[in-house]
Structure formats: C-alpha cells, structure tokens
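Please look over the sequence and the model, and then read the notes below, which are grouped by topic.

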Amino acid sequence: MSKMKTRVIPAIVAAMALSMLAGCGGKDKTADAADAATTVAETTTQAEETTAEETKAEETEAKETEAEEAASSEENAAEAAAEVSADGPVADYLEEVDSLNKGAEEFVTIMLEFMQVGQTEDTDAMLETVEKIRGTKQPFADFAVLENVPEGLEESHDRLAKAAASYADFMDVYCDVLTAGLNGEEHEATATIEQDMTNITTELSEAMIAVQEAAAALE
C-alpha cells in the first residue's frame, strides 16, 4: 500500500510562525520578524531532514518488499496483486491527505515572505501578502468536503475533515487580525488568536496521524 509520508511537522512549523507573527503587534515587526523568519527557516529545514530520512527508510522497505514478492510463489503473487488493487482507493485518499501537508508548507513559505515584506514597512505590499496567506486555506477547505472515503477510514476521516474545516475558518480570522493590525485597528479575535491557533493546529496534526494509523491498520 502507498503510505502517506509522516509530514505533520510543517503544520507545527506553521503554528510557530502564527504564534510569532501574532506577537509582533501590527506594523512593529522589523526585528521580531527577522528573528521569527530565522527560527521558522531552521525548523523547516529540520522538518525536511526528518522527511528525507523517513523517505529513505520507506524506499528501503519498499525494495525489501519487492524482493520478497519476487521470491514468492505464483499464488502469493496473485494474492499480492489483488491486495494492491484493493488498496488503490486508500492510496488515492492518502494523497488527498498529503495535500494538507503541502498546503501547510505553502503557508510557511508565504509567511516568510510576509515577514520579509514587513521589514520594508510597505503596508500595501503586506496587505497583498496577507491575501496570499488567506489563499493557503483552500486545500483544507477542499478536503473538508471530500467525498467517497474508503471503507474503514470513515471515522478518522470525519475527525480530520472537521479539523481541516476549522483550520480553513481560522485562516480567515487570522488574516482578518493581520489586516486589522496593519490598518491600525483592533480585531476582536486578537486576544485569543494564539491559543486558538495552538488548539486548531494541534487537533489537525493529531487527526492526520490518526488517519495514517487507520490506513496502516487496513494493510
């Protein structure tokens, strides 16, 4: 079965970036933004290294599996082929799940861009970047309404779909908070934005892990 790479770390990195930005206080973000950008970049590198190690391990496991299948009997080969066919929908579903990781990575990239633009104090450019940040919610909004979930993954999918929907909604609020700050205004969600972010991204990461575990149990 094709397995989803364990790449929930980017979502945690995104949470860190959100936390740092939320504490920067509107337009006053020159030094803090530079420090935040450095920290996020370092953490992202660590995440990529972890992913590379996991990918290498998965490739090694795949090669061993192929060797075993080659040495198996014709009957076992037929059974293996049937299993692969049955696993198709699950593999396709895990690709949809992985789109959330990619969305989180895109978010981190644009957040770094936002921090860099912040150092120029160009409000118009920052507002444009905020809208790019808002656009990173789309993979989560799309996943929240995904249909045709493979049998056996309904419960874990429901949890992840709700978490994805909450994340998409949160991104709108977060971007509204950023926009208000840039315009010198106070948004009603400013006081709780960091805690909300922590709760939502934690549930999202845990739900992604739960889906992967449920998929592995179907093997």
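Helices here are DSSP runs of H or I with at least four residues, numbered from the N terminus. With that in mind, helix α3, which covers residues 74-118, gives the most to a negative surface patch, contributing three residues. The model is a predicted one, and the values that follow were computed from it.

**Overall build**
- The protein chain holds seven helices and zero strands, so that, in the terms of the helix definition, the elements read α-α-α-α-α-α-α from the N terminus on.
- Of the 219 residues in the protein chain, 37% count as buried, and the chain exposes about 11,700 Å², of which carbon and sulfur atoms supply 48%.
- Among contacts between residues at least 6 apart in sequence, 81% join residues that are at least 24 apart.

- The negative surface patch is formed by D92, E95, E96 and D142.
- E96 has its place in helix α3 and is partly exposed, with a relative accessible area of 37%.
- D98 also has its place in helix α3, but D98 counts as buried because its relative accessibility is 10%, and buried means under 20%.
- The C-alpha atoms of D98 and M208 are separated by 9.0 Å, although these residues are 110 residues apart along the chain.

**Salt bridges**
- Side chains of opposite charge can pair when their charged atoms come close, and the structure holds eight salt bridges.
- E131 forms a salt bridge with R134, with the closest N and O atoms 3.0 Å apart; both residues lie in helix α4 (residues 123-135), three residues apart, which is about one turn of the helix.
- Within that pair, E131 counts as partly exposed at 42% relative accessibility, whereas R134 counts as buried at 16%.
- D172 and K137 meet through their side chains in a salt bridge of 2.7 Å, N to O; because D172 lies in helix α6 and K137 in the loop between α4 and α5, the pair ties together parts that are 35 residues apart in sequence.
- R159 and E203 meet in a salt bridge of 2.8 Å, N to O, and this pair links distant parts of the chain, with R159 in helix α6 and E203 in helix α7, 44 residues apart.
- Both R159, at 34%, and E203, at 28% relative accessibility, are partly exposed.
- Salt bridges that share partners join E131, R134, K137, D172 and D176 into one network.

Methods:
Residues numbered from 1 in each chain as written. Predicted model: local features only at pLDDT ≥ 70, side-chain atom pairs only at ≥ 80, totals over all residues. Heavy atoms only, no water. Patch = residues over 30% accessible without salt bridge, like charges linked within 9 Å, V, L, I, M, F, W, Y side chains within 5 Å. Areas by Shrake-Rupley, 256 points an atom, 1.4 Å probe, with all protein chains shown as cover. Salt bridge = Lys/Arg side-chain N within 4 Å of Asp/Glu carboxyl O. Lys, Arg positive; Asp, Glu negative; His and termini not counted. Charge placed at Lys NZ, Arg CZ, Asp CG, Glu CD. Helix = DSSP H or I, 4+ residues; strand = E, 2+ residues; numbered from the N terminus. Buried < 20%, exposed > 50% of the residue type's maximum accessible area, 1.4 Å probe, protein only. Contact = heavy atoms within 4.5 Å.
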